[in-house]
Amino acid sequence: MTNKVCVVGAGSTKYGKLNESIIEIALSAAVDAINSAGITPKDIQAGYISNVFGVADRQVHMAPVIMSNLGIPNVPGLTIESACGSGSVMFREAYANVAAGFYDCVLALGVEKVTHTGTARSTTLFSYCSDFFYEGGNGASFPGLFASMARAYMTSHKASEEDLANVAVKNHENGLLNPKAHVRKKITVDDVLKSPVVADPLKLLDCCPFSDGASAVILCSEDFAKKSGRPYVEIIGSGRGASPAAVQGREDITTIPSTVAAAKQAYKMAGITPKDIDFAEVHDCFTIAEIIDIEDLGFFPKGKAARAVREGATRLTGDIPVNPSGGLKSKGHPIGATGVGQVVEVFDQFTGRADGREVKGAEIALTHNFGATGASAAVHIFKKVDRK
Ligand SMILES: CC(C)(COP(=O)(O)OP(=O)(O)OC[C@H]1O[C@@H](n2cnc3c(N)ncnc32)[C@H](O)[C@@H]1OP(=O)(O)O)[C@@H](O)C(=O)NCCC(=O)NCCS
């Protein structure tokens, strides 16, 4: 039996190329989250930090540094790394510790700063998150690995490059409504198809950018949330999954086993099915990833997602809006922060802070975030709580 856990505050920096240090970025998001929860740092009993490449900005062992800078040096912190899925994997650890009753109130913060290293260096650094012996070390970068998945999917399910482009167009449309998004630019299918090829069939506009940024949330017990007098959101499902680290170790590369497993656990825990989800923030590091995700999460049958996207089912006004924030594609992908940023979007949507991109009438939302090509993944489900 676990205790109910809620999100009572959230904050985020803008995502993009940021000039501040990694610690300054982290603190800015932490302070926003603390203020939005109406608490002081002294209310925080533990800190969970997700980050991958702190070393690129000369800071590892980030948790105690952040806690010290918040004026709570004696509060234990833990830094967690799970590649691009670090934020959600860390969020689950924070959730589990509150659910188990170890703490009443914790900070969960994700941060990344890489853009100053440049595209070539960032591509090399990120390839260390693959199964380097088989993949990165042989020149298979992430765009290359996702390009293989795209080709396999297009062949098996008769999808086209236009089908992939539709995902980018929709996410850029949403990102335009998000002042904190990295790439805020209206694009057309033609723009995507004519953008430079990065790894065939993926083009520049099929890819997420390299981003800096930080996102933070305050997790707490239900009792703490009620007493806070602030708006809050309840976590009703949590799941984690794993896949063979290298793409070549998988039987079928048009699905990601870790997503399927994590989603199954989260739905079971929440006692709901995919049909009950009102909107989702999913891991669209490349357009093909979103197509695969929304099938693996059970929103569409295998091979049917491309058509659903084409028909508008995943737009803000569609049956199941996907990535109202703009997703990794437009909002950006500061890898240590991404999974937490998705939770910030859910909090903003459910507490009236998503002006202009609000999913009308939404009450249940899902977040999905994975590491590398899906070696690790976590899925969370949230319920809006109406304070009377
Ligand atoms: C797509 C990619 C190769 C582009 O790199 P690049 O060509 O060096 O791009 P630059 O940073 O020089 O930017 C060039 C222009 O394109 C824009 N841009 C860069 N990446 C973009 C993207 N993914 N989508 C849209 N626009 C992008 C920049 O804003 C810039 O525009 P400007 O000239 O108007 O300022 C790079 O962003 C990439 O590899 N992304 C994938 C990151 C990744 O693998 N993440 C992990 C996922 S698992």
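Guide: Start at Phe370, which is found in strand E10, residues 364–371. Strands are DSSP runs (E) of at least two residues, helices are runs (H or I) of at least four, and both are numbered from the N terminus. This model is predicted, so local features need pLDDT of at least 70, side-chain atom pairs need pLDDT 80 or more, and totals for chains, interfaces and linings use all residues. Residue numbers start from 1 along each chain as its sequence is written, and side-chain values use heavy atoms, without hydrogens or water.

Is Phe370 buried or exposed? Phe370 counts as buried because its relative accessibility is 0%. Buried means under 20% relative accessible area, exposed means over 50%, and partly exposed falls in between (1.4 Å probe, protein chains only). Now look along the chain from Phe370 to Glu345. The two are 25 residues apart in sequence. In space, their C-alpha atoms are 17 Å apart.

Compare a strand residue elsewhere. Glu234 lies in strand E8, residues 233–242. Its relative accessible area is 9%, so Glu234 is buried. Glu234 and Lys302 are 68 residues apart along the chain. Their C-alpha atoms are separated by 30 Å.

Next come the loops. Ser130 is found in the loop between H4 and H5. Ser130 has a relative accessibility of 10%, so it counts as buried. Its side chain reaches the backbone oxygen of Ser127 at 2.6 Å.

His61 has phi near 50°, and it is a residue other than glycine with a positive value. His61 lies in the loop between strand E2 (46–50) and helix H2 (62–69). The relative accessible area of His61 is 60%, so His61 is exposed. Asn323 has a positive phi too, near 60°, and is a residue other than glycine. Asn323 has its place in the loop between helix H11 (305–310) and helix H12 (327–330). Its relative accessibility is 0%, so Asn323 counts as buried.

One loop has a cis peptide bond. That bond runs from Asp200 to Pro201, with omega near 10°. Pro201 is found in the loop between strand E5 (197–199) and strand E6 (202–203).

Now the ligand. Which residues come nearest to the ligand? There are 16 residues around the ligand, and Thr119, Cys207, Cys208, Pro209 and Lys329 come nearest. To be near, a residue needs a heavy atom within 4 Å. The shell holds 13 nonpolar residues, one polar residue and two charged residues. Here Asp, Glu, Lys and Arg count as charged; Ala, Val, Leu, Ile, Met, Phe, Trp, Tyr, Cys and Pro as nonpolar; the others, Gly among them, as polar.

Look at the nitrogen atoms of the ligand. A backbone N or O atom of Cys208 lies 2.8 Å from a ligand nitrogen. For a backbone N or O atom of Pro209, the distance to a ligand nitrogen is 3.3 Å. Lys329 uses its side chain: an N or O atom there is 2.9 Å from a nitrogen of the ligand. Taken alone, the ligand exposes 920 Å², and the protein buries 64% of that. Such areas come from the Shrake-Rupley method with a 1.4 Å probe. Helix H4 (118–127) and helix H5 (142–157) are the elements that give two or more residues to the shell around the ligand. Ser130 brings you back to that pair, in the loop between H4 and H5.

Definitions and conventions. A polar contact is a pair of N or O atoms within 3.5 Å; within protein, one must be able to donate a hydrogen and the other to accept it, and residues adjacent in sequence count only if both atoms are side-chain atoms.
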